[in-house]
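Here is a short note for someone opening this structure for the first time. Please keep the 3D view open while reading.

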There are 2 protein chains.
Amino acid sequence: MPELRKDPIHGRWVIISTERGRRPSDFVTEERRSAGGFCPLCEGNEDRTPPEILAFRTNGTPPNSPGWTLRVVPNKFPALRVEGDLGREGEGIYDKMNGIGAHEVVIETPRHSETLATLPLKGVESVLWAYRSRIADLRGDQRLRYVLVFKNHGVSAGASLEHSHSQIIALPIVPRRVAEEIEGAKTYFQYKDRCVFCDIIRQELQQKKRIVSENRSFISVAPFASRFPFETWILPKIHYPSFEHMESSLYGEAAQILSDTLQRMNRVLNDPPYNYIIHTSSFLELENDHYHWHLEIMPKLTKVAGFEWGTGFYINPTPPEEAAAYMREVR
Amino acid sequence: MPELRKDPIHGRWVIISTERGRRPSDFVTEERRSAGGFCPLCEGNEDRTPPEILAFRTNGTPPNSPGWTLRVVPNKFPALRVEGDLGREGEGIYDKMNGIGAHEVVIETPRHSETLATLPLKGVESVLWAYRSRIADLRGDQRLRYVLVFKNHGVSAGASLEHSHSQIIALPIVPRRVAEEIEGAKTYFQYKDRCVFCDIIRQELQQKKRIVSENRSFISVAPFASRFPFETWILPKIHYPSFEHMESSLYGEAAQILSDTLQRMNRVLNDPPYNYIIHTSSFLELENDHYHWHLEIMPKLTKVAGFEWGTGFYINPTPPEEAAAYMREVR
């Protein structure tokens, strides 16, 4: 059973995944793993993943067989386990609990050569619908408090499989970085009676200099305090606290701006490795006035080093105004 | 002038180093930069660095010439600038200030082939004395609040120069991660009237299972909630809030345990890339009962990916008890 452990000073939680148990020699070959060969996520290899939780299929093909456009399966090497209770306990001054939660993989396309940026819009929209459906389902589990949707694209962004996929992790606690963001948004709201994200959107639409692209309901923007070169956020213009609670008609537009932004990034930076994450409200307050869901894209162009680890402070060599100009002008 | 910008939601600061201004094409060649060729940090090339701030020299050789065992010089491409005032101002809802601070490089040895792990103990001790001397000096600047000492070893840990060196950055604010750690330690102290680090040391010395090595005044330990495989912390057994305020006789022992720990790491993990940082008290409260300086070593064996960025939560595939056992048994 994986273990959740809490740092007694900082209050930060860590997942110690005892079952993957890596020895020193396992790290040496890391870089070579993703090179070529068999792919368990390709169509036809459905028996090489755990049985599917959700799939979009055409022509009524049976589960775990070919004929799908998207599949969601449990992660074969999950960081957290669904079975069991939280088992909160202490060990002297230390606190720990069982690593309860869910860890799922969204296989975004049956074809190995496709990426989220090259998928037709309909395919990108399916991915967003799959996220929504899984979040809504996981919310039913009373032990869980938060769900994070994220994507690692490219080896140096941490992708261990090349085939286009994203991941969903549901957690028994609201993770610190999210809690801090929610807290910050709450404080702002208490002071101003306005959502800080709505204010950001308003100012960005006025100033225009950090806007990357825009459609009727969304903007894509290089944030004022970008941590990374070409960091880009996507936000709905209307105040929606939770990703999974948007009006159905908006997922198509969300797919359009996500696809457009990734394509611009590929053009400007030549298919860079990247991570993206969706930040949404916690299960404890799905509807609220202060938090506003958004998607953060972080191209992996620089290395995070001692200074960042030591301070939580980032050094970004590319001003977001310049990054946005490059991204705006391409296409 | 570099700019400090504050994220309006999270309160996180970022350094936008406008002068380094990286264009999209600059990132492509990143991996190749450190390969071979001329080294500005080697003995004999003193004119290729800015003039030295501090040097340990034998035989009274003049500044900025050969004959040194250690030099401290300003970073040629500083993330922050010493000259100017803070210039705090707003831009609509956003806050920023000038990037005032210091950014220095400690050249740990005149010889290119040496590393901190292969330096004689005397050399390692000199490095720690250089840190102490620079921190004490920077404290005199009323605009500054915190100084971070850190080291990036190896290309994938972010080192852009191969020659063994560490860096010192002095900041006009206490960075968030440090502030949180200090706050956490303060809360613990208020509750228990004991330093949380002292309690950790006590429990680790009793349990023994996460101890890597030990001498009279220090322990080296794999922390209970290690974020990374083989993460190792060094702490003084006696309560010292600030690195630069230890009794003079202790720097030799600190050098011994640092050298010993790095050598063990090299044996177990085959000279891995790593970062280390020194966490010490802020300039505002150099003497206190709740905070305890320490050095955190983070080998760079896994990739930080979407999940970690999204949550501030880490997945560590190697339990610290196993890592400590490997580290203890080698040699």
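1. A residue counts as buried if 20 or more other C-beta atoms lie within 10 Å of its own, as exposed if 12 or fewer do, and as partly exposed in between; C-beta atoms are placed from the backbone. Of the 331 residues of chain A, 49% count as buried.

2. The model is predicted: local features need pLDDT of at least 70, side-chain atom pairs count only at pLDDT 80 or more, and totals for chains, interfaces and linings use all residues. Residues are numbered from 1 along each chain as its sequence is written, while chains are lettered from A and ligands numbered from 1 in the order in which they are written.

3. Chain A has seven helices and 15 strands. These are DSSP runs, numbered from the N terminus: helices are H or I with at least four residues, strands E with at least two. The radius of gyration of chain A, 20 Å, is close to the 20 Å of the globule rule for 331 residues, so the chain is as compact as a globular protein of that length. The radius is taken over C-alpha atoms, and the rule is 2.2 Å times the number of residues to the power 0.38.

4. Chain A is assigned domain 1 (3–22 + 34–174) and domain 2 (177–329). The bounds come from an automatic or database domain assignment. The C-alpha centres of the two domains lie 22 Å apart.

5. The contact between them takes 26 residues from domain 1 of chain A and 24 residues from domain 2 of chain A. Contact means C-beta atoms, placed from the backbone, within 7 Å. On the domain 1 side, H2(A) gives the most, with nine residues.

Key
Contact = placed C-beta atoms within 7 Å.
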